[in-house]
Amino acid sequence: MAIRFNKSGEPIKMASKRGNLRNFKVEPNPTLDVYNNLAKSYDKRNQMMEFVLSKGRSIFSVIKGDVLEVGAGTGINLKYYNAEAKIIALDWSNEMVSQAQFKVKKYNLDNIKEIIVGDIQKLSDYFDPESFDYVTSSCVFCSVPNPISGLKEVSKVLKPSGKLIQIEHGLSTIKPINMCLKFFDPYTYKRLGFHLNRNHIRNLENSGFEVTYQHNIDPTGIFRLLISKKSFKYEI
Ligand SMILES: C[S@@+](CC[C@H](N)C(=O)[O-])C[C@H]1O[C@@H](n2cnc3c(N)ncnc32)[C@H](O)[C@@H]1O
């Protein structure tokens, strides 16, 4: 479904076949432009990567309850979710959201309740505190401009017992590989919108999360499955 804008450039709230499509105003950003431009060709470009990523995506089939997927992109994860989970998906690119809407119809996914245009760095403007049992993401915090602020927003909308489940690529434990990642980082950021050299574990710890599980999806440890819970160790 294409997203329409009113005369002042505000996205128009529309009713979709699968429930409401809420859209929030997103500030212009160069990374957002990259993803809007890539949206139509994204799945085709990523076919090779799917050999690795699909191994991690199956984790989403076991979770139930209220789930928020952030940075849902073209909706590649949507078909993996458990039929009993209630999913809200969010991405700041309206072009990506259009692709995800198409998949919801194609696979007849009744468990996808809403797809929302919005910025991860502003989740608490859109949702009540402690709304979700799970927040999920795949290959997202490599591209969020301020990952710490995004993760802090995730923490606000997660229930106290909630979990953040991520598939991310970032720095490996193998040093020579990291030199390559750092070398190519400016290129991938400019052309493809993501960084290669992010340290997700450190970012999680600096945002009030405790990583409870990590698993290398590929032998280099670049792609990882990370499960984190809210850390209460600084609370009095
Ligand atoms: C590399 S793509 C991954 C898409 C999808 N999760 C997947 O696994 O194929 C990163 C996605 O994160 C979205 N994204 C990046 N920063 C965001 C932000 N601040 N708010 C919402 N979405 C964001 C991009 O628009 C893009 O769709």
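So, who sits around the ligand? By class, the shell holds 10 nonpolar, seven polar and two charged residues. For the classes, nonpolar here is Ala, Val, Leu, Ile, Met, Phe, Trp, Tyr, Cys and Pro, charged is Asp, Glu, Lys and Arg, and the others, Gly among them, are polar. There are 19 residues around the ligand, and the ones that come nearest are Tyr 35, Gly 71, Gly 73, Trp 92 and Ser 138. A residue is near a molecule when its C-beta atom, placed from the backbone, lies within 6 Å of it.

Quick housekeeping. This is a predicted model, where local features need pLDDT of at least 70 and side-chain atom pairs count only at pLDDT 80 or more, while totals for chains, interfaces and linings use all residues. Residues are numbered from 1 along each chain as its sequence is written.

Now the overall make-up. The chain has eight helices and nine strands, where helices (H or I, at least four residues) and strands (E, at least two) are DSSP runs numbered from the N terminus. Of the 236 residues, 39% are buried. Buried means 20 or more other C-beta atoms within 10 Å of a residue's own, exposed means 12 or fewer, and partly exposed is in between, with C-beta atoms placed from the backbone. If you take the contacts with a separation of 6 or more, residues 24 or more positions apart account for 66% of them. A contact is two C-beta atoms, placed from the backbone, within 7 Å.

On to the sheet. What is the strand order? Seven strands make an open sheet, β5-β4-β3-β6-β7-β9-β8, with mixed pairing; strands pair if DSSP finds at least two bridges between them. β5 and β8 (209-216) stand at the edges with a single partner strand each, so one side of each has no neighbour in the sheet. From one strand to the next, the twist averages 20°. For angles, axes are lines fitted to C-alpha atoms, for helices over the stretch in contact, and values run from 0 to 180 degrees between N-to-C directions.

Let's go strand by strand from the β5 side. β4 and β5 are parallel, with five bridges, and Ile 88 stands opposite Glu 114 in β5. β3 and β4 also run parallel, joined by five bridges, and Asp 66 has Lys 86 in β4 as its bridge partner. β4 is mostly covered, by the way: five of its six residues are buried. Then β3 and β6 pair in the parallel sense over three bridges, with Val 67 opposite Tyr 134 in β6. At the other end, β8 and β9 run antiparallel with seven bridges, and Gln 214 partners Leu 226 in β9. Their hairpin has six residues between the strands, and Gly 221 there takes a positive phi near 75°.

What packs on the sheet? Helix α3 (residues 50-57) touches β6, β7 and β9 (223-230), and its direction makes about 30° with that of β9. α4 lies across β4 and β5, running at about 165° to β5.

Next, the core. The largest nonpolar core has 46 residues, and those with the most contacts inside it are Leu 68, Ala 89, Ala 100, Val 135 and Val 154. By core I mean buried Ala, Val, Leu, Ile, Met, Phe, Trp, Tyr and Cys residues joined through C-beta atoms within 7 Å. Elements that each supply at least two residues include α1 (30-38), β3 (66-70), α4 (94-106) and α6 (147-157). Take Val 154: leaving aside neighbours within four places in sequence, Val 154 is in contact with Val 70, Leu 123, Val 135 and Leu 164.

Cys 139 has a positive phi of about 55° although it is not a glycine. Cys 139 is in the loop between β6 and α6. Is Cys 139 buried or exposed? Cys 139 counts as buried, because there are 20 C-beta neighbours inside 10 Å. Then there's Glu 130, also not a glycine, with a positive phi near 55°. Glu 130 lies in the loop between α5 (123-126) and β6, and with 15 other C-beta atoms within 10 Å, Glu 130 is partly exposed.
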